[in-house]
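Please consult the sequence and structure below while reading.

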Amino acid sequence: MLHAKQLEFEELPVDTRLLKTQLTDQYRAINPAQKVPALMIDGETIVESMAILQYLEETRPSPSLTPNTPLLRARMREICETVVSGIQPLQNLGLKPHFETEEQFQRFTKHWSERGLQTLEDLLVKSSGRYCVGDKLTMADICLVPQLFNAVSRYKLDLNKHPTLSRIYKHLLLEDIFDKTHPKNIKPMK
Ligand SMILES: N[C@@H](CCC(=O)N[C@@H](CS)C(=O)NCC(=O)O)C(=O)O
């Protein structure tokens with residue numbers, strides 16, 4: 001989103017896997033949920049991905065990442081919510097300690113990722129053009145790309161089973177903003 005809005009920003013490291021920096025009191029003061037992301041902007045701290053996206057969209061409206069009719073905005077939100085509320089929380093690494101075995105955790109999270117891809121495919125058949133909603137980049141695309149990257153890299157899920165999803169993902173990966181944020185191009189933070 002920051003790239004899409006052509007904003008300059010600085011990233012601060014939060015190692016959620018090994019050091020679990022998110023669980024420190026220092027980070028809790030930033031995000032009470034002890035999760036990433038958190039955005040410090042305009043003298044405030046904003047947490048929760050959708051609140052961050054919406055804030056950026058409202059305060060930095062150009063280029064617009066919102067469709068221009070109520071129905072298309074609803075289509076965009078269907079996709080955002082499917083990712084942010086329907087898939088991501090059910091495969092978050094923070095759930096892992098609540099499973100008895102690694103295998104149980106993997107089976108559970110993979111199931112909900114697969115189920116989510118099918119939901120996205122069915123939604124995109126209705127809404128998509130070259131992008132998730134019509135022919136314009138929106139917040140739905142911003143939510144979609146990292147979730148699909150996760151499905152493909154972490155669970156080795158076959159996107160070809162979902163032709164619309166697969167077509168849009170391939171197209172989005174060619175976009176400069178998604179190239180910049182692709183894990184292969186992210187330098188490890190010190
Ligand atoms: N609803 C939150 C979810 C944030 C979230 O689950 N973040 C994950 C990484 S994508 C995290 O920080 N996990 C570490 C943990 O749960 O300990 C949002 O959309 O921002």
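How many aromatic pairs does a search of the whole structure find? In this predicted model, the search returns three aromatic pairs. The ring pairs join Phe99, Phe105, Phe108 and Trp112 into a cluster.

**Aromatic pairs**

- The ring centres of Phe99 and Phe105 are 5.6 Å apart and the planes stand at 65°, so this pair is edge-to-face.
- Phe105 is buried, at 0% relative accessibility, whereas Phe99, with a relative accessible area of 21%, is partly exposed.
- Phe108 and Trp112 also form an edge-to-face pair, because their planes stand at 65°, with ring centres 6.5 Å apart.
- Both Phe108 and Trp112 belong to helix 4 (residues 102–127), where they are four residues apart, about one turn of the helix.
- Phe108 is partly exposed at 30% relative accessibility, and Trp112 is partly exposed with a relative accessible area of 31%.

**Ligand surroundings**

- The residues surrounding the ligand are Gln22, Lys35, Val36, Pro37, Glu48, Ser49, Val84, Gln88, Asn92 and Gly94.
- By class, this shell comprises three nonpolar, five polar and two charged residues.

**Polar contacts and burial of the ligand**

- A side-chain N or O atom of Gln22 lies 2.8 Å from an oxygen atom of the ligand.
- From Val36, a backbone N or O atom is 2.8 Å from a ligand nitrogen atom.
- In the side chain of Glu48, an N or O atom lies 2.7 Å from a nitrogen atom of the ligand.
- The ligand exposes 510 Å² when taken alone, and the protein buries 78% of that area.

Note on methods. Residues are numbered from 1 along each chain as its sequence is written. This is a predicted model: local features need pLDDT of at least 70, side-chain atom pairs count only at pLDDT 80 or more; totals for chains, interfaces and linings use all residues. Side-chain values use heavy atoms; hydrogens and water are left out. A residue is near a molecule or strand if one of its heavy atoms lies within 4 Å of it. A polar contact is a pair of N or O atoms within 3.5 Å; within protein, one must be able to donate a hydrogen and the other to accept it, and residues adjacent in sequence count only if both atoms are side-chain atoms. Accessible areas come from the Shrake-Rupley method with a 1.4 Å probe; for residues, only the protein chains shown count as cover. Ala, Val, Leu, Ile, Met, Phe, Trp, Tyr, Cys and Pro count as nonpolar, Asp, Glu, Lys and Arg as charged, and the others, Gly among them, as polar. Rings of Phe, Tyr and Trp (its six-membered ring) pair if their centres lie within 6.5 Å; planes under 30 degrees apart count as stacked, over 60 as edge-to-face and the rest as tilted. Buried means under 20% relative accessible area, exposed over 50%, partly exposed in between (1.4 Å probe, protein chains only). Helices (H or I, at least four residues) and strands (E, at least two) are DSSP runs, numbered from the N terminus.
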